[in-house]
Number of protein chains: 2
Amino acid sequence: MTRYLPILEWGRDYTRAALSRDLLAAVIVTIMLIPQSLAYALLAGLPPEAGIYASIVPILLYAVFGTSRVLAVGPVAVVSLMTAAAIGQVAQQGTAGYAVAALTLAGLSGAMLLAMGLLRLGFLANFLSHPVIAGFISASGILIAASQLKHILGISAEGHTLIELAGALLANLGQFNPITLAIGVLATGFLFWVRAHLKPTLRRAGLPPRLADVIAKAGPVAAVAASTAAVWAFGLDGQGVRIVGPVPQSLPPFTLPGFAPELVRQLLLPALLISIIGFVESISVAQTLAARRRQRIDPDQELIGLGAANIGAAFSGGYPVTGGFARSVVNFDAGAETPAAGAFTALGLAVAAVALTPLVYYLPNATLAATIIVAVLGLVDLSILSKTWRYSRADFTAVASTIALTLAFGVEIGVSAGVLASIVLHLLKTSKPHVAEVGLVPGSQHFRNINRHKVETDPALVTLRVDESLYFVNARFLEDLLVRRVADHPEIRNVVLMCSAINEIDYSALESLEAINARLTEQGIGLHLSEVKGPVMDRLRATHFLDGLNGRVFLSQYDAWAALATAPGAARDGAAAGGG
Amino acid sequence: MTRYLPILEWGRDYTRAALSRDLLAAVIVTIMLIPQSLAYALLAGLPPEAGIYASIVPILLYAVFGTSRVLAVGPVAVVSLMTAAAIGQVAQQGTAGYAVAALTLAGLSGAMLLAMGLLRLGFLANFLSHPVIAGFISASGILIAASQLKHILGISAEGHTLIELAGALLANLGQFNPITLAIGVLATGFLFWVRAHLKPTLRRAGLPPRLADVIAKAGPVAAVAASTAAVWAFGLDGQGVRIVGPVPQSLPPFTLPGFAPELVRQLLLPALLISIIGFVESISVAQTLAARRRQRIDPDQELIGLGAANIGAAFSGGYPVTGGFARSVVNFDAGAETPAAGAFTALGLAVAAVALTPLVYYLPNATLAATIIVAVLGLVDLSILSKTWRYSRADFTAVASTIALTLAFGVEIGVSAGVLASIVLHLLKTSKPHVAEVGLVPGSQHFRNINRHKVETDPALVTLRVDESLYFVNARFLEDLLVRRVADHPEIRNVVLMCSAINEIDYSALESLEAINARLTEQGIGLHLSEVKGPVMDRLRATHFLDGLNGRVFLSQYDAWAALATAPGAARDGAAAGGG
């Protein structure tokens, strides 16, 4: 029971001390979330209240079903961008259909996450490689920042790719609003300054570190308050500065997502991508924070928690949500101990939704855009390109294509290409495996590559260590290689396949081995195996392969050497032996 | 130059003896191909002459560019079925658009094969596992046989899946033509008898084996001649027996494939599938036959040869072609020595196209259907199901889904699903790799699984052998496993990762190893590596990982044991140690 309802575990021994810490964290997170929620709703193309609603019911549901103690669930930048890209294809921004599509997207995503959790498919998140995720997040950050420039300039410019955005911005650049631009530039500059310098400045002024931290985190609120006051005082909205305008004073409404078959069909793939990206982002944050306090995260239960949160969003006027990095870190740093902190945050936001929404009437969109730009540029870290370039061309290719395709063709194509590229590159690599001819390291029973180490060999005995599982992708490779090797060295009498790196032999490879055995038998050459792993041997025993094998299976390569080496040659020096 | 034009190699020393053997083979193959070409055209939904045309120019081009000495290129059963499935979606059978679409399909397929050959992508054929191919060919055989029943019954029944075909056959069963049925059943029975019993009978009658073989292979010609004569003599075409009818007496015409963007877009994916399946079928036949004569096949040049053949088919009134199994074996058995045999066959067919086509006017479709049924049922071998079931559930799942989906949804979905299934199943397998804890085999320097062998261990030293490359799909797996292992056994002071089966460490896995190292360092536990392969070590050396590693890297596991084992325990018996 506690497996599916983690709340029963932490709720049982909830202490007064934990309560006070959770309350403090909730206050700080609530203050931070008000402008952030409005901003992300703007990014998703939805009315501002959708961002607040998406932060209330989902947090409560996650608190019941989630396994992380500190994860803060709600709208996040990348998922908001993906939402805009997905719904933009099926409805016009600003229409009722657009908001309904957002609910449907959240509902579908929630149902998928829930199903994956119940089927225990949490490990599927591993199909996204770390560099691909890093590249995707960075590219999304750039796209998001670019999409906000129109608010800073006070012009219209729609687009889901960098090229579309640049074109639209250039086309309408002439119509920029000078006052909007002034507010946008000031707010952006202020927020960058807050991010980089406010905390050290406060510390130098003698404030305790915790307080300095809290004040620095509240920087966006100051920008919001100052720019709102300026618009109100000078009536700047009459001079073309776009403002948030009326926001209904209400608790999250009960809403019904649309499930028209055509709509569902069009949103299925985007919902799947949003679910996967949201889950990967959320679980990374949750695991990072849990590790710091030696807590554990259950990926399958996390899927259930996020699924419940998204279904909640679908029925309470929200849009797709996930565990956010920034808000979770703030929650953690502010001392949150249990998911109750999240529940209190939800309460705080509910109060704000009812009481404080009139205050944001004069809030300029440019300020919200500034908060988004400053937040997402913190996500952009292109060093992954140079890191992977140095380490592995395959990883680099996957990252580079993810980044390039995300920027050029949008988030959906970008992330799909990244996943595909990393899988295909891996398969390509295993299709031409590294094969080492090995010899005995003198004075040991250990065998290593004759081209890298000084080892003993025997001209009539060749031992090949295939550094890859044998399966359909490379089944024919070994056959070709052995045929060539034996043809080039007529002195070979015995071939040993050292199987220490062969983790699997599938049916295609089994057929290849049978063909190799038949061919070597014809030529009077023995085929032997050594160091076959238990699971692989179990399989082979179930076939006739071992009966037909013309040679033997040795427990260790040294046993094979002891039995088969007839005229051990002089020690060979790897450096001298050269390539091959 | 000879690399791209193999004809320059064998053409240079072409002997008189080779000429006479090639001529004999060509005569036999020509006789066999006449009814077969008509039949496969019928299967593809094209006029009968298309089958003959598709056997002339393509053979000539393959003779110039191909590397197999004996491969016979032309229409084959599976590709004919795939052609019907592909063009059936874009045009109505019997219309001019249908024939043009067939040309376009051949042109696209030829261009793809040529491009793949020039880019040296021949190895991509390996992405189809052997069992998936076997399953697909068997399922296609069943589909093809089912699609021919309408001709045996003399009714109309269209469909691309077993369900559609069964439904259509049942719906129109009442309109069957008794005379057609009689011809069809007799022809099918006769051909099955010829296949199984004619050769032994002739041998018993004292004929030399070669001649017996040739006569047995000519069986279909006898069926064709007898049924044609019967229709002509008794005027059966007036009684509802459908016949081939007028076939133009002409050399292959010069034709232009259509390249309307919409048509090309619709045929792109089918052309790709046909190219891959055709190439895989062709290369398997070519390699099998080449191996018997110790010749070599160059897969990349084969792509070029098949590409040229298909482009030839597109411009000479044909449809997609590939190297056929039956015709190539006949060519081989008949003693063909060089591709010149193919050229002579093309000549023979050209003569037939001009002179003999009036003779097939009264040939009943039922006889052609019978030759197809007998030929394709020879391809059906469902034993691959039981073989893979015994060997590996993953292979079985891939085969079973290929067969089931091919029968239920047609060839295109079937083969795509087979490829996808085998890749995904492989990735899933590597996502949860086998990890063995190993100990020292007494009296040796060899380390094996503590649960399978009687080995020595040390409670403070745990050595894990991960039986899989570390890459993004399983990067997190090892982290979780080690955290659990160390938490459960507080006596552990040192962890050794024995890397003999780790063939690759990608960037995601590198990050995981860094995280593992950081965590173990915090807990005061040493992390060591042993038996790291050369290529993996080269990579690691390029990073800061080895600087940060809190332990050492040992050349062999025995070195690690010698350095780290402090209190070797008693020998542990695998059977007694139990699971874990």
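Copies of a chain are superposed here by least squares on the C-alpha atoms of residues with pLDDT of at least 70 in both, where pLDDT is the predictor's confidence in each residue, from 0 to 100. Handled in this way, chain A can be laid on chain B with an RMSD of 0.1 Å, by a turn of 179° and a shift of 0.0 Å along the axis. The two copies are therefore related as by a two-fold rotation axis, and in chain A the C-alpha nearest that axis belongs to A:Ala501, at 1.9 Å from it. This is a predicted model, in which local features need pLDDT of at least 70 and side-chain atom pairs count only at pLDDT 80 or more, while totals for chains, interfaces and linings use all residues. Residues are numbered from 1 along each chain as its sequence is written, chains are lettered from A and ligands numbered from 1 in the order in which they are written, and side-chain values use heavy atoms, with hydrogens and water left out.

**Confidence**

- The model as a whole scores ipTM 0.80 and pTM 0.79, and chain A averages a pLDDT of 88, with 97% of the residues scoring at least 70.
- Over residues 569-580 of chain A the pLDDT stays under 50, and for this stretch the model has 26 contacts beyond four places in sequence, a contact being heavy atoms within 4.5 Å.
- Where pLDDT is low, the predicted coordinates should not be read in detail.

- The C-alpha trace of chain A spans about 95 × 60 × 60 Å along its principal axes, and the chain holds 25 helices and ten strands, which are DSSP runs numbered from the N terminus (helices H or I, at least four residues; strands E, at least two).
- Of the 580 residues in chain A, 56% are buried, where buried means under 20% relative accessible area, exposed over 50%, and partly exposed in between (1.4 Å probe, protein chains only).
- Among the contacts in chain A with a separation of 6 or more, 79% are between residues 24 or more positions apart.
- The copies meet through the same surface, because 97% of the interface residues of chain A are also interface residues in chain B.

- Strand S3 (residues 435-440) of chain A is largely enclosed by the rest of the structure, because six of its six residues are buried.
- Both faces of S3(A) are covered, with A:Val435, A:Glu437 and A:Gly439 buried on one side and A:Ala436, A:Val438 and A:Leu440 buried on the other.
- S3(A) runs antiparallel to strand S6 (residues 461-466) of chain A, to which three bridges join it, two strands being counted as paired if DSSP finds at least two bridges between them; in S6(A), the bridge partner of A:Glu437 is A:Leu464.
- Three bridges also join S3(A) to strand S4 (residues 447-449) of chain A, again in the antiparallel sense, and in S4(A) the bridge partner of A:Gly439 is A:Arg448.
- S3(A) and S4(A) form a hairpin with six residues between them, and A:Gly443 in the turn has a positive phi of about 80°.

**Strand S7 of chain B**

- Five of the five residues of strand S7 (residues 494-498) of chain B are buried, so this strand too is largely enclosed by the rest of the structure.
- On one side of S7(B) the buried residues are B:Asn494, B:Val496 and B:Met498, and on the other they are B:Val495 and B:Leu497.
- Strand S6 (residues 461-466) of chain B pairs with S7(B) in the parallel sense over five bridges, and B:Val495 in S7(B) is the bridge partner of B:Val462.

**Single residues to look up**

- A:Val79 is found in helix H5 (residues 77-88) of chain A and is buried, with a relative accessible area of 1%.
- A:Val79 and A:Ile274 are 195 residues apart in sequence, yet 6.4 Å apart in space, C-alpha to C-alpha.
- A:Glu531 has a positive phi of about 55° although it is not a glycine, and A:Glu531 lies in the loop between strand S8 (526-530) and helix H22 (534-541) of chain A.
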